[in-house]
Amino acid sequence: MTVRDRTARPAAAVLAGALASAAALAGVGEPAVPAHPAQLRFPALAFNLPEPAGLRHLLRHGVVAYVAEDHTLPLVDVTVQARIGAFLDPPGKDGLAALTASLLRHGGTRRLDAQRLDDALEALAADLTVDSGDTRSSATLNCLSAHLDEGLGLLFDMLAHPAFAADRVAAEKRRLTAAMATRNDSAAEILDRQWQWLLYGEEHVSSRYLTGRRLAALERQDLIEFHARTWQPANFVITVAGDVEPGKVLARLDSLLAAWPGGGEPVPWPPAPASHRPMAGLYSVSVPAAQAEVAIGRLGEAWDGHWSDPERYAVEVLTEVAAGNLFISRLGRRLRGREGLVYGIESTSGVGPTWPGSFQIRFTCDPAKVASALIATDEELRRLRDEPIGADELATAKSALVAGLTGGFAAPRDTVVTFAVDDLLGWPHEFWRGYRDRLQAVGAAEVRQAARRLLNPEEMVTLVVGSWPATAGEESGRLPPVRPLPLRDPLSLEALPAKPLPGAAPAPGPSSPRS
Amino acid sequence: MVKLSPRVRAALAPTLLPALALSLCLAPLGAGPAAAAAGGRPAACAGSSALHFGTQSFRLANGMTFLVVERPDPASVAAGWVASVGSADDPAGATGASHLLEHMMFKGTHTIGVQDPNELDVLYGRAGATSLNAFTKNDLTAYFVSVPANELELWFWLESDRLLAPVFRDLEGERKVIKQERQRDESTPRGRLQSQFNALFWQAQPYHAPIFGWPSDLAATSIADAEHHFHASYTAGNLTAVLVGHLDRARIEDLAHRYFDRLPAAPAPPRTPTAEPEQLAETRMNAAIDGPAELEIRYHSVPFRHPDSYALEVLAGLLNGPNGRLANALLAAERADQATAEQVSLRRAGFFSLTARARGDHGPEGLEQAWYGVLRRLQEEAVSPAELERVRNRLAADTFRRLREPLFLLVQLLTAAGLGDWHDLDEHTCRVAAVSAEDIRRVARAYFEPRNRTVGLYRAAGEPGKP
């Protein structure tokens, strides 16, 4: 889980009477079926964001809970959202927040050892998970509504009284070591890490990946202390959605919190911003892989102070126009549709919590076609800087973004989590309420202005991971110089000595070396 | 804005699919009715729970069926249709035709796509529709999209138009896209060998050929072949449409008549009568792969809706999961880092599959022997009531979880309808709840004989110390 990028995937939409008015079209005497769909007329999609105030409740220790009923299925989702993450890792203890979260779930409780906790959950067919990211962690319970009481009991037993059993800590460390060993098996994973380092530097909180040495420095006592310091009601926002009676579940939560030993102290907030300045250019990591992974992009904006900035919305439209939809976006049409250079391509932009988010175009490509794909991308980005986008493109991008807004609020369980995360990160609910109006205010001129700033070629970072540039293809002469980056040892993340690629063979055969 | 994975019009191999059909009938969890005799219908499922699930159906005069499911999301409708035709129905010499046809169905009509080959995407995109996609499986081809609720009529317009008069443009371009799609599919260590293993398993059934088709057939298939396949198999009687959302039933019926009554009346096409003959001897495949050793064992079992398919599904449930028997026998012993069992119920036949990936330098043989040990216990000892209840609870809860997203629900209804009976979605939980310990032992003995299996051993080619 990561909350690095704040994305517009918003809260609950309530449509009033849109269907009823559409029936007007079927009037007598009108042609039964219009000759072209452009002749269809639709009522406006009227939707109201749910009011957070109606869902929000205050519990013991000042804990906020958002509760939403949804009786479609006999299920309940409960989440405990917490202002806990890698930003709280003490010096020399990188990975502590993540390891604590993992052992919270798998280390048993003082009452139930790990196996008995799993058995109890399994007997209820309940799912219980704990995730941890850079700025936020969460514990999630999903169970049948008939089992909610027992499920909540297990969730709070785990949160308040974890055992961090020594054998489970050792087993998790072994598992993580094994997982680290396969890190270089996937070109996409290599790209993700290297991209992070290029944009944020290796010291930033979001870039400090686990290594064998970092893992060895984490001990059971560290987990116990970290839990006691951070996993406290003072840092929680709780959400409940599903087949529940709000009054009952709130009373149950309150009594569980009452039994909690104290409310704890709030953690320091906000995390430090990033200080790294990325170096623009074309980088590559050479690994034998049938398909090359490619990313093009740059740092974006931090959330703080920018959520209402009109350019933010222009950037969203621009991102959508660039490669938001594989079949109708600029890059999708050209690289996949017309030139067959890539199978898939997408673009994303995000706003970071207290550090800049990023803008990224990402595709997977035959290594021999990387150069052509990069040149085509460059030409399309230049067109976005030099020419205004069409009215149709603008309207289509806005439709897609509005669909993202309503889709994100489609189910009550999405709504309550969105509001809870707003509270934790200190973001205003007003963002969602004003989203469509701010989006509609964006015109082609604003998009072009955003493109000139965001897509400045002097600031773009390009990274290719794959059998490249050994198989660079004929157009490689038109590219800027390639700066090779070393592959890292999967366990230490230290640079490995450069190794020649096995010729131009794209698929590693039986005799190819595996690092 | 973060995107979901890019849209991929996919050929789905059966083993990649979630359980084929699910249900919402609210059987008493963990306290299922007494075991029904094989072939019998448990009393709790009789008359069905269609009321609980809320699926309403109606049929047009031309034979096309509509299913409507009420869901509270006011902003969008998940809409789709399925043709009960898949790779198993591909004409001889044109394997892959169903999948190619699926791709060609996005190329427009006499009205759409004349100037812009992507006009279908453009029109849906401008309306704010999302998840426009389609997939081809062995027995069915399904097309779906999520449309804003106020623009649902656009779906009726565009989908009836492409069923009335599609125009297949840019065949060569799509051939290239399909080639890339196959390469991606084959990019896992075992991927390139999957077609061969699958062909080894099926002797006579048309499931024998890959969904993508044999490469030589794909290269040779013409526009005329695709048109012929379309007219022969996308007949009104072979189509089912599904709509999931906050819907007005009367208005849906009105739109269905206005737009889809235009399709000519025609029944579903006949299917090849070929049945899989009994397998008389074990078959084995020895392969070398790049990466840790893997194992796949397949047994011929039963098709969709066969009474034993539910017992086999529960049997797979006993094996899977963090506390399942495979975890205890293979994962805990550190022999494997991944092991999964699955009953795959297709229209004409079915199979039970076990796949496992070895840990470290372990070879596949040890995994194979460990699996036979797991199997022997299932054949000899009755499953305890507690273990059975745990698995049935888990299967029911997972069923509900998969029905939460309207698009997931849509895809499951399309799949069940495409396989021939959407009612399975209503009855599934009842059927699973009715499986007894004795049923488990009976199917474990009936379908897992050595001569009924095909074993694929994938040895790690790059292992140190090996040639």
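Reply: H10(B) and H16(B) are roughly perpendicular to each other (angles of 65 to 115 degrees count as such). The model is predicted, so local features need pLDDT of at least 70, side-chain atom pairs count only at pLDDT 80 or more, and totals for chains, interfaces and linings use all residues. Residues are numbered from 1 along each chain as its sequence is written, and chains are lettered from A and ligands numbered from 1 in the order in which they are written.

Me: At what angle do H10(B) and H16(B) pack, and how far apart are their axes?

Reply: Helix H10 (residues 307-319) and helix H16 (residues 437-447) of chain B pack at about 95 degrees, their axes 9 Å apart. Axes are lines fitted to C-alpha atoms over the stretch in contact, and angles run from 0 to 180 degrees between N-to-C directions.

Me: Which residues of H10(B) and H16(B) make the contact?

Reply: H10(B) uses Asp308(B), Ala311(B), Leu312(B), Val314(B) and Leu315(B), and H16(B) uses Asp439(B), Ile440(B), Val443(B) and Ala444(B). Contact means C-beta atoms, placed from the backbone, within 7 Å.

Me: Switching to the two chains. How many residues does each give to the contact?

Reply: Chain A gives 68 residues and chain B gives 54. On the chain A side, H14(A) gives the most, with 11 residues.

Me: And chain A itself, how many helices and strands?

Reply: Chain A has 18 helices and 16 strands. These are DSSP runs, with helices (H or I) of at least four residues and strands (E) of at least two, numbered from the N terminus. Among contacts in chain A with a separation of 6 or more, 83% join residues 24 or more positions apart.

Methods
Two residues are in contact if their C-beta atoms, placed from the backbone, lie within 7 Å. Angles under 35 degrees count as roughly parallel, over 145 as roughly antiparallel, 65 to 115 as roughly perpendicular and the rest as oblique.
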